[in-house]
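Good morning, colleagues. Please look at the sequence and the structure as I go through the contacts.

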Amino acid sequence: MVIVYRSDTGFTKAYAEMLGEGEHLEVFPLPGAVGKVGAGEPVFYMGPLMAGRITGLNQAVRSFNVMGACGVGMSPASPQVLEALSRVNAAPGASLFYLQGGWAPKKVGWLRRRMVAMATKSIREELLAKGGCRTPEEDRYLDFLLHGGSFVARENLERIRQWMAGR
Ligand SMILES: Cc1cc2nc3c(=O)[nH]c(=O)nc-3n(C[C@H](O)[C@H](O)[C@H](O)COP(=O)(O)O)c2cc1C
């Protein structure tokens, strides 16, 4: 198996490289992977979530033998997030995963920043309204939504590594 990924602001790249290093797998960025990945070679595809979709997944499914795919987004991981991801993203026969990456507002253009600001408006307002009643996790998440940050962590890869070990 090899890892193929796409990443706009670096969080998916960080996970792909961490996973590749831990599992001793070759890692290829999607632009340029075609032609380098052997025909029929099983691929684990990773891409940033954009409006619920795993960026680059359709291209990866057309070009490679995708056995597993992972969306990297900004929301905390939960069964609901994975369920929503599985409803929208089609990769026949592939197992799907979700990882919380990060948010880098300074690395994206104003239109994308605005799209994210609109999508996260209600959660920001909800957290702001809690004022001093916010938990430390909620404080951290509010700061993350407002200013950006990273939740990339090696331990988040455990479920994917278990799946790889069991294949
Ligand atoms: C236009 C836009 C749409 C996004 N949509 C989602 C989304 O639907 N769900 C989510 O969890 N994160 C969403 N994000 C956040 C990114 O998925 C997140 O920042 C991810 O970690 C970026 O990965 P990258 O650094 O590899 O590009 C969106 C970001 C942008 C700019």
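In this predicted model, the shell around the ligand consists of 22 residues. The closest of these are S7, T9, T12, L49 and G102. By residue class, the shell comprises 11 nonpolar, 9 polar and 2 charged residues.

Let me turn to the polar contacts with the backbone. For L49, already named among the closest residues, a backbone N or O atom is 2.6 Å from an oxygen atom of the ligand. At D8, a polar backbone atom lies 2.7 Å from a ligand oxygen. At G10, the distance from a backbone N or O atom to an oxygen atom of the ligand is 2.9 Å.

How much of the ligand's accessible area does the protein cover? On its own the ligand has 650 Å² of accessible area, and the protein covers 90% of it. The space that the ligand takes up is the largest pocket.

Which elements give two or more residues to the shell? They are the helices α1 (11-23) and α4 (110-119), together with the strands β3 (42-50), β5 (65-73) and β7 (102-103).

Terms used. Residues are numbered from 1 along each chain as its sequence is written. This is a predicted model: local features need pLDDT of at least 70, side-chain atom pairs count only at pLDDT 80 or more; totals for chains, interfaces and linings use all residues. Side-chain values use heavy atoms; hydrogens and water are left out. A residue is near a molecule or strand if one of its heavy atoms lies within 4 Å of it. A polar contact is a pair of N or O atoms within 3.5 Å; within protein, one must be able to donate a hydrogen and the other to accept it, and residues adjacent in sequence count only if both atoms are side-chain atoms. Accessible areas come from the Shrake-Rupley method with a 1.4 Å probe; for residues, only the protein chains shown count as cover. On a 1 Å grid over the protein atoms alone, a cavity is a set of points where a 1.4 Å probe fits but cannot get out, and a pocket is an open set with protein on both sides within 12 Å along at least five of seven lines; lining residues have an atom within 4 Å of a point. A molecule sits in a cavity or pocket if more than half of its atoms lie within 2 Å of its grid points. Helices (H or I, at least four residues) and strands (E, at least two) are DSSP runs, numbered from the N terminus. Ala, Val, Leu, Ile, Met, Phe, Trp, Tyr, Cys and Pro count as nonpolar, Asp, Glu, Lys and Arg as charged, and the others, Gly among them, as polar.
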